[in-house]
Amino acid sequence: MKNRIKQLRDIHNLTQDEFAKLVNVSRQTIISLEKGHYNPSITLAFKIAKVFNTTIEHIFLYEEE
């Protein structure tokens, strides 16, 4: 699943470490999310959306196989 986390993080001037602390995960989790190697839980997806003040659908781009 693709996502816009890096772009949104850049717009909000957040480092990976700062963002990780805001959503209560490790920096490694943020790296994995940004590379598309990890799909977040629904709880984490909601936390991410809340930090960026947007919807989950705006951040995570579902692609059918």
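1. Arginine 9 sits in helix α1, which spans residues 5–11. The model is a predicted one. With a relative accessibility of 6%, arginine 9 counts as buried, because the cut-off for that class is under 20%.

2. The side chain of arginine 9 comes to 2.8 Å from the backbone oxygen of leucine 14. Leaving aside residues up to four places away in sequence, arginine 9 touches Leu14, Thr15, Gln16, Phe19, Glu34 and Phe52.

3. Helix α2 covers residues 16–23, and its buried residues are Gln16, Phe19, Ala20 and Val23. These lie on the same side of α2, because they cover an arc of only 105° around the axis. An α-helix has 3.6 residues a turn, so residues three or four places apart point the same way. On the other side of α2, Lys21 and Leu22 are exposed.

4. The cover over the buried residues of α2 includes α1, α3 (27–35) and α4 (42–52).

5. α2 packs against α3 at an angle of about 105°, and the two axes are 8 Å apart. The pair is therefore roughly perpendicular, as angles of 65 to 115 degrees are classed that way. On the α2 side the contact is made by Gln16, Asp17, Phe19, Ala20 and Val23, and on the α3 side by Arg27, Ile30, Ile31 and Glu34. Sorted by class, this contact has 5 nonpolar, 1 polar and 3 charged residues.

6. One backbone point concerns the residue that follows α2. Asparagine 24, just after that helix, takes a positive phi of about 60°.

Methods. Residues numbered from 1 in each chain as written. Predicted model: local features only at pLDDT ≥ 70, side-chain atom pairs only at ≥ 80, totals over all residues. Heavy atoms only, no water. Helix = DSSP H or I, 4+ residues; strand = E, 2+ residues; numbered from the N terminus. Buried < 20%, exposed > 50% of the residue type's maximum accessible area, 1.4 Å probe, protein only. Polar contact = N/O pair within 3.5 Å; in protein donor to acceptor, adjacent residues only side chain to side chain. Contact = heavy atoms within 4.5 Å. Arc of directions from axis to C-beta. Axes fitted to C-alpha atoms, helices over the stretch in contact; angles between N-to-C directions. Parallel < 35°, antiparallel > 145°, perpendicular 65-115°, else oblique. Nonpolar A, V, L, I, M, F, W, Y, C, P; charged D, E, K, R; others polar.
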